[in-house]
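Subject: A structure for you to explore

Hi there,

Here is the structure I promised to pass on.

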Amino acid sequence: MANDIPIVDLADIGLHHLDKPRQSTVDRVANELNSAFSTVGFVYLRNHGIEQQTIDNVFQASKSFFQLPDTIKDVYRCGKPDSESDGYTGKDQEILDVSSLHEIREAYDVASPDGFYPDQHAPEFRKAINKLAPQLSELTTRLLKCMALALDLEEDFFSSRHQFMFQGAEKNRTIFRSLYYPTLSDADIQPGVVRCGAHSDYGAITLLLQDDMGGLEVLSKGEWIPATPIRGTILVNLGDLMQFWTSDRYVATVHRVLVPEEEVRRRSTRQSIAFFVHADNGVMISPIDGSEKHLPVEALAYLKSRISATYK
Ligand SMILES: O=C(O)CCC(=O)C(=O)O
Ligand SMILES: [Fe+2]
């Protein structure tokens, strides 16, 4: 069906392949990404080559942090929007949809391997993230190359502008975010209360890993469609900067996570991991087709403006 989120098989573009991928794979994947990003804006990647255990270790280490008492989590609160990015975000600290009454979501952000981690209270957290994040960066580089080819650009057009992913906020604001949606009470079942308000992401692309709880929905052709978790896949969606870059040829699709209707899912926690890929600080984003559809914008300045609009 045209309105479904397609699944792309990365085959020898996946991380388990060290050699240069076959040209036929690159052409096929470039084509499939191009058609997904021009329509629904989301795609599942199969055969990405990241081991499930590496992902599960992050979920487990994150859970041990998020289940700590609030008084301890508060020690790690990030000071957004003023300071650099690392740290804990509590419920309602970030409101992505202005019409939300509450957004019941917690998160922990890091921008580099040696950033601000809760080592004392969740000792496995740093190690688990530092294994997964570099793999997500490498996978992103491979995807960006396919995307550039699909747009008739030099293969390294995007990758050369994303050289410093997860190497520190002073160079690049790609963020590894571990998300935790706590259990909900009956009082949370009311209009305006959501797990994650409707929004589009800010940067180039987002790689999203979810547990098997489900709940993510994507707005396509005016209809909310579920982005059901498919084990062994990574979901990828486009951010606003990539939409600007491509003069709206690619779409930054709006998505959300509501309070589940089924009581059993409301009483369960949900976890996801978002790798928000952002261009290197200082990169100017101007439409690649030379049009004036969007004004040129600097990657970091744009991100800061979005964060200050959503953080309390
Ligand atoms: O938790 C999810 O599935 C989505 C989270 C999300 O869209 C975001 O944090 O930008
Ligand atoms: Fe998002």
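Which spacing do the donors of the iron ion (ligand 2) follow along the chain? The pattern is H-x1-D-x53-H. Please keep in mind as you read that this is a predicted model.

**The iron site**

The residues behind that pattern are His 199, Asp 201 and His 255. Each histidine coordinates the iron ion (ligand 2) through its NE2 atom, while Asp 201 uses OD, and the distances run from 2.1 to 2.2 Å. His 199 has a relative accessibility of 11%, so His 199 is buried. Asp 201 comes out at 4% and is therefore buried as well.

**The sheet around His 255**

His 255 also has a place in a strand: in S12, His 255 is the bridge partner of Val 218. Strand S12 (residues 255-258) pairs with strand S9 (residues 216-220) in the antiparallel sense, over three bridges. Both belong to an open sheet of five strands with mixed pairing, in the order S4-S7-S12-S9-S10. At its edges are strand S4 (102-103) and strand S10 (223-226), each of which pairs on one side only. As background, strands of a sheet pair through backbone hydrogen bonds, in either a parallel or an antiparallel way.

**A strand covered on both faces**

Next, find strand S6 (residues 175-181). How many of its seven residues are buried? Seven of the seven are, so S6 is largely enclosed by the rest of the structure. One side of S6 carries Ile 175, Arg 177, Leu 179 and Tyr 181, the other carries Phe 176, Ser 178 and Tyr 180, and all of them are buried.

S6 has antiparallel pairing with two strands that you can trace. With strand S5 (residues 106-110) there are five bridges, and Val 110 stands opposite Phe 176. With strand S13 (residues 270-277) there are seven bridges, and Ser 178 has Ile 273 as its bridge partner.

Helix H1 (residues 23-37) contains Asn 34. With a relative accessibility of 17%, Asn 34 counts as buried because the cut-off is 20%. Its side chain makes a polar contact of 2.7 Å with the side chain of Tyr 250. Leaving aside residues up to four places away in sequence, Asn 34 touches Ala 150, Arg 249 and Tyr 250.

Among the buried residues of H2 are Thr 54, Ile 55, Val 58, Phe 59 and Ser 62.

Helix H4 (residues 124-150) holds Pro 134, which is partly exposed at 41% relative accessibility. The C-alpha atoms of Pro 134 and Ser 112 are separated by 9.5 Å, and the two residues are 22 residues apart along the chain.

**What the record says**

UniProt, in an unreviewed entry, lists residues 171-279 as "domain: Fe2OG dioxygenase". Over that stretch the chain is 9% helix and 42% strand.

Enjoy exploring, and write back with any questions!

Best wishes

How values were computed: Residues numbered from 1 in each chain as written. Chains lettered and ligands numbered in written order. Predicted model: local features only at pLDDT ≥ 70, side-chain atom pairs only at ≥ 80, totals over all residues. Heavy atoms only, no water. Donors = N, O, S within 2.8 Å, 3.2 Å for Na, K, Ca; no water. Buried < 20%, exposed > 50% of the residue type's maximum accessible area, 1.4 Å probe, protein only. Helix = DSSP H or I, 4+ residues; strand = E, 2+ residues; numbered from the N terminus. Polar contact = N/O pair within 3.5 Å; in protein donor to acceptor, adjacent residues only side chain to side chain. Contact = heavy atoms within 4.5 Å. Pairing = 2+ DSSP bridges. UniProt positions renumbered as here; feature names shortened; annotations may be inferred.
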